[in-house]
Amino acid sequence: MGIGEVTEQLDWNGKNVTVAGLGVSGIPAARVLHGLGARVTVVNDGDDERSRAQAADLEAEGITVRLGDGATLPAGTELIVTTPGWRPDKPLFTAAAEAGVEIWGDVELAWRLRGPDAAPWLAVTGTNGKTTTVRMLASILEAAGLRTAAVGNIGVSLLDAVLGDEPYDVLAVELSSYQLHWAPSVRVHSAAVLNLAPDHLDWHGSMEAYAADKGRIYEGNQVACVYNVADKATEDLVREADVEEGCRAIGFTLGTPGPSELGVVEGLLVDRAFAPNRQKNAQELAEVADVQPPAPHNIANALAAAALARAFGVDAKAVRDGLKAFRPDPHRIELVEEVQGVTYVDDSKATNTHAAEASLAAYDPIVWIAGGLAKGATFDELVQKSAKRLRGAVLIGADRALIREALARHAPEVPVVDLDRTDTGAMSEAVREAARLARPGDTVLLAPACASMDMFTNYNKRGEAFADAVRALAATGDA
């Protein structure tokens, strides 16, 4: 099967396809392939009550499901379609490689199933900021009057987008490193890598492998490869990419932009990449105040979204209107409340050190609530960069000792409250302790720099617990 082939050129009838994993991408993939006439077998490591219920639904439709055995390659398999979370070193994939069986992800499947008049893709990846940037991009495209959707690792599934009845003009696509690893033939209109920092290294095996998978998003770009001027690793990925003739490297920066860059000048977001006479002139796109919240990393997200939109031909007014209309998802530097002169901000989505660093850079002074599952992270660099902003710190979660030790080494003057609790009720105590440390004009910032699963189901639940505790504080006035 060649790159870019579409449904009409693929004969799925009777093709033996194994889908690796149940869940949000595996189940739709199995149903789509079954509907195309493939003989589908779903394999899944788990064999719990939920998996059995999902399996029963699929088997009622004529799809074979094997629970508790995700390691063995079903006999006769001609193609594997995997859910993003399955690691490349799984025995199933080793067996597939030995048998010469291709492995696709759900994104690759969606790409192969596009119709001949499929909407072009504007794609975004990066360690942090992907979802916000894609939603900003979709808001800008909508303001331009284009039929679009935020899809991929967010919102509408890509399979639904490419196979549904809704005709799109362009898609704003979020792609994770997992998805890109299993998407060898995806070639998009334009793409952005927002930043690169160590993350998911247990899955990828090394920082080099992680960066290489992120860099796949630039392969075959047609119009623009958008990179972060402040993050040289993203520009290096552009240099290494094999793109179409005429595709341009477009940078974004929080400083004054040079030619072929977007940046910030005197409180304005400006474009020197797609503006007329860009060697001498800049096109005003929006005011910094049009971006909410106007934290530095969020301005960077807005510039990346604007660059992709401009690459697609969107005018400056639509960029401004789209950014003004956009509001971030919950738990992303979200203002909860002001209590007795102290501002409380929920950035529970800051699940790694890179995201927490960006969040901490947006406020001063800060009482920092942090901790959870470190996922192998270290905290010395984060604390070194943020120490001068810290009024105090309240630590929660299983790996809080790692942060406490980093604070002791690099910010010994910062008072630290170490809560020896990992129950969900610990958040209420953390907020009370943070309020005790804070002074009027300070920000109490939940930016955990860690995953949440030691205490909460997910980062959303952690953020909700923080917001509930803040509102309870406000109601009692006990600060």
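Predicted model: local features only at pLDDT ≥ 70, side-chain atom pairs only at ≥ 80, totals over all residues.

Student: How do you know that the count of disulfides comes to 0?
Tutor: The rule asks for a pair of cysteine sulfur atoms within 2.5 Å. The sulfur of cysteine 225 has its closest cysteine sulfur in cysteine 247, at 3.8 Å, so that pair is too far for a bond. By the rule, the count is 0 disulfides.

Student: What makes cysteine 225 and cysteine 247 count as buried?
Tutor: Buried means under 20% relative accessible area, exposed means over 50%, and partly exposed is in between (1.4 Å probe, protein chains only). Cysteine 225 has 2%, so it counts as buried. Cysteine 247 has 16%, so it is buried too.

Student: Why is lysine 375 called partly exposed?
Tutor: Because its relative accessible area is 47%. Lysine 375 sits in the loop between E17 and helix H14 (380–386), and has a positive phi of about 55° although it is not a glycine.

Student: Why does asparagine 277 count as partly exposed?
Tutor: Its relative accessibility is 45%, so it gets that label. Asparagine 277 also has a positive phi, near 50°, without being a glycine, and its place is in the loop between strand E13 (268–271) and E14.

Student: What counts as a helix or a strand here?
Tutor: They are DSSP runs numbered from the N terminus: helices are H or I with at least four residues, strands are E with at least two. The protein chain has 17 helices and 20 strands.

Student: Why does isoleucine 403 count as buried?
Tutor: It has 0% relative accessibility, so it is buried. Isoleucine 403 is in helix H15 (residues 400–410). Setting aside neighbours within four places in sequence, its contacts (heavy atoms within 4.5 Å) include Trp368, Phe379 and Cys450.

Student: Which peptide bonds are cis?
Tutor: One joins glutamine 292 and proline 293, with omega about -10°. Another runs from aspartate 364 to proline 365, with omega near -5°. Proline 365 lies in the loop between helix H13 (353–360) and strand E17 (366–370).

Student: How do you know that the radius of gyration agrees with a compact globule?
Tutor: The radius is taken over C-alpha atoms, and the globule rule is 2.2 Å times the number of residues to the power 0.38. With 479 residues the rule gives a value near 23 Å, and the protein chain has 23 Å, so the two agree. Buried residues make up 55% of the 479 residues.

Student: What lines the largest cavity, and how are the lining residues classed?
Tutor: Leu175, Leu180, Ala183, Val186, Arg216 and Ile217 line the largest cavity (lining residues have an atom within 4 Å of one of its points; on a 1 Å grid over the protein atoms alone, these are points where a 1.4 Å probe fits but cannot get out). The lining divides into 5 nonpolar, no polar and 1 charged, where Ala, Val, Leu, Ile, Met, Phe, Trp, Tyr, Cys and Pro count as nonpolar, Asp, Glu, Lys and Arg as charged, and the others, Gly among them, as polar.

Notes
Residues numbered from 1 in each chain as written. Heavy atoms only, no water. 1 Å grid on protein atoms, 1.4 Å probe; cavity = no way out; pocket = protein on both sides within 12 Å on 5 of 7 lines; lining within 4 Å.
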